[in-house]
Amino acid sequence: MWEGSTLADGLLDDTIPRPSLLGEHAWPEPETGLVFQAHLWERLTGRMVSKTPDLSEPPSVSDRWWNELRGALDRLRQAPVPQHRQRSHTPGFIERLPKFIPELAGTDLTVSTWETSHGDLHWANLTAVPLAIIDWEGWGMAPAGYDAAVLHTYALPEPRTAARVREVFADVMETEAGRFSQLIIAAEVIQAAVRDDLHARLLPHVRRQVEELLTPR
């Protein structure tokens, strides 16, 4: 998290729409032993797609915006990640998935494919007119399809937009790896629902989604 923004600014393709990092500064507080970090970012001209990570109404975005988002994430998936960057999910968290989704007990929980991902692609981290993706602290390797799964999960309260996410990212989400990523973010929401109102709002939608994902096809 400490170096994510700087690495993203320096390493990712400039065609991935995001604010430029103009400056950074870190300083210690000897009295507390803490170290602080500040970033100065380019001011974005686009409006936020949503004031909250989840949706309560359809976002006002165009077909071009959806195409640009898909293209940006495709380019991101091909980007190299420094070897020292931690993966988004530890083996310990993956092993604990049955704690939150008991139906997964006894199943193979191996993440088959990892790919370069934003890692926190919800609706408050996107702008429209033009598109920009913000908040790059946690980017790195995540289970394949995780970004699309996060975007879809936070759209579940607005079914039309959730359907659009499934349409735009169908080839990602309808794979075995993509469905597993949807279960991973579902478990994260279930875990967080006891701590904050945002995830408590999402909880009933996510439980229905889990049931659909686990229904034999």
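I began with the buried residues of helix 2, which are W65, W66, L69, R70, G71, A72, L73 and L76. Buried here means under 20% relative accessible area with a 1.4 Å probe, protein chains only. Helices (H or I, at least four residues) and strands (E, at least two) are DSSP runs, numbered from the N terminus.

I noted that this is a predicted model, in which local features need pLDDT of at least 70, side-chain atom pairs count only at pLDDT 80 or more, and totals for chains, interfaces and linings use all residues. Residues are numbered from 1 along each chain as its sequence is written, and side-chain values use heavy atoms, with hydrogens and water left out.

I looked up what the buried residues of helix 2 pack against: strand 4 (114-117), strand 5 (126-128), strand 6 (132-133), helix 5 (146-153), helix 6 (159-168) and helix 7 (170-173). Contact means heavy atoms within 4.5 Å.

Three strands form an open antiparallel sheet in the order 3-5-6. Strand 3 (47-48) and strand 6 are its edges, each with a single partner strand, so one side of each has no neighbour in the sheet. Two strands pair if DSSP finds at least two bridges between them. Strands 5 and 6 are joined by two bridges, and I found L126 opposite I133 of strand 6.

Four bridges join strand 4 to the antiparallel strand 7 (residues 140-143), where G140 stands opposite S117.

Conventions. Buried means under 20% relative accessible area, exposed over 50%, partly exposed in between (1.4 Å probe, protein chains only).
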